[in-house]
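Work through the exercises below with the sequence and the 3D structure at hand, and try each task before reading its solution.

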Amino acid sequence: MKEFDQSRFDTLKRWAQDYGAALHPSLEVYEDDVTGYSLRVKPSANEALAPGFCAVACHVAITLSYINALIDGPVSRAPQNKEQRPAFPPQFMSSNPPHVIGRFFLVKEYLKEKDSYWWPYISTLPQPDRVETWALPAVWPEDDIECLEETNAHVAVREIQANIKKEYKHARKLLKEVDFPGWQEYTQLLYKWAFCIFTSRSFRPSLILSQQTQDHVLGLTPHGTKVDDFSILQPLLDIGNHDPTSQYQWNLEVDGTCQLICNNAYQPGQQVFNNYGLKSNSELLLGYGFVLPVTDTLHNDYVHVKSRRPPSTLQKNELQDFLISLRPFSDPSSVAGRSRVFSQQDTRLNSLPGLSRIEPGLIRDLASAVATSAGELAALQHWAQGTEESIPTELHELLERIQQTIGAKVQFDYQRFKSIEIESADNQNQELAVRYRNQYEAVLEAAMDELSRALVPNHLEKLVKGEQ
């Protein structure tokens, strides 16, 4: 790491430790060629770290969020007066949602530079003038966004873009109307920066605050505010990178400290990981700006499918998100997919010909949509609850309709996907988009191949007769 960067992170550690935070003495911040600033066991450490060690501890006094905008300063360990003056005028505070106020507060503190209580933290964040270090797909240039066309990510990007534009326009207008000091400095670039910082680095309060601390901070909020209406930046703790296989837990102390407990062993020199949850590559790309590569032991490639569940179970027009997987859901490498297989019945549904890569919930959804009678659905449920390997004759037609329906959907999406031609990748955003597209395409091709083979009549005949 460069001397300047080392100095910044040393300052961050000293400041954080002054307010109750801590980094395990055997860990250090370093710059990795792939993951950037990261945590690792010091190469000079005398021994490995055994499972169950506290990697990082962060106290609520150094966190940054909507809560700090309400009191225009850090959260104290002592009781605070709810009538403290907020960071922005009353009209602004009452006319914007918590997540927007939190972002504007981060901008406010950035503009204060060294006069900000949080400057030791903010100075280690990717800086606004280096857009390439923090820009998520939703704020990419249009040429780069076009490289995502006909993917899950592209649909989401357009929705997020519209929200960012609407939120910023409304909030900035309010600051101008009340002639808030320096309102001109709250630029769209800085709001996009704050959006990306919060999106990629923040945590849900319900996960990282003890109940006592939740009660304390909610006591500062307007009536009706819920604990997860906003998210929280945790200095030092947010340096840890993502590994979906890493085992961890949060230890939440009554005094407002959140500890990241790592339940994996790490050798000297090894990077120490957090786990952001079981997210697909589409979700990681949108929220964190990276995708995980495919390996023999792990893949993270899924296509999201929106589907309406049976009307009797949902509110009007409610959609549910289902997954199609690169590999069968039963494959040990399908870590995120396997988390959606909840029972032996789900496993049985995935064993149906052509459907091993289709989320069991989607199979049920399609069965409800294409079944011609209640008897067909009852027969499918009876088979899924049993142990018989062969498929009874009365399920043959229902199975074929399910296969054909999902097959038509996958083929349609694949044709639209292939209609987009990316001639070259001219920058790091486009290179990332192409990498994502290649893995996305592999999911559609794998699903189509399996479904096409399953629809061969002779194959079905063998299954019906129990010959396979």
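In these exercises, buried means under 20% relative accessible area, exposed means over 50%, and partly exposed lies in between (1.4 Å probe, protein chains only). The model is predicted, so local features need pLDDT of at least 70 and side-chain atom pairs count only at pLDDT 80 or more, while totals for chains, interfaces and linings use all residues. Residues are numbered from 1 along each chain as its sequence is written, and side-chain values use heavy atoms, with hydrogens and water left out.

**Exercise 1.** Find which side chain E167 meets in a salt bridge, and decide whether E167 is buried or exposed.

Solution. Begin with the term: a salt bridge is a side-chain nitrogen of Lys or Arg within 4 Å of a carboxyl oxygen of Asp or Glu. The partner of E167 is R103, at 2.8 Å from N to O. E167 belongs to helix α7 (residues 152–177) and R103 to helix α4 (residues 98–112), so their pairing ties together parts that are 64 residues apart in sequence. Finally, E167 counts as buried because its relative accessibility is 17%, and R103, with 10%, is buried as well.

**Exercise 2.** Determine which parts the salt bridge between R158 and E142 ties together.

Solution. The two side chains meet at 2.4 Å, N to O. Since R158 lies in helix α7 and E142 in helix α6 (residues 142–145), the pair links parts 16 residues apart in sequence. R158 is partly exposed at 30% relative accessibility, and E142 is partly exposed at 38%.

**Exercise 3.** Identify which residues touch the most other members of the largest nonpolar core.

Solution. A nonpolar core is a set of buried Ala, Val, Leu, Ile, Met, Phe, Trp, Tyr and Cys residues joined through side-chain atoms within 4.5 Å. The largest one has 127 residues, of which F88, F104 and W193 touch the most other members. Helix α17 (residues 428–454) gives the most to this core, with 10 residues.

Key
Helix = DSSP H or I, 4+ residues; strand = E, 2+ residues; numbered from the N terminus.
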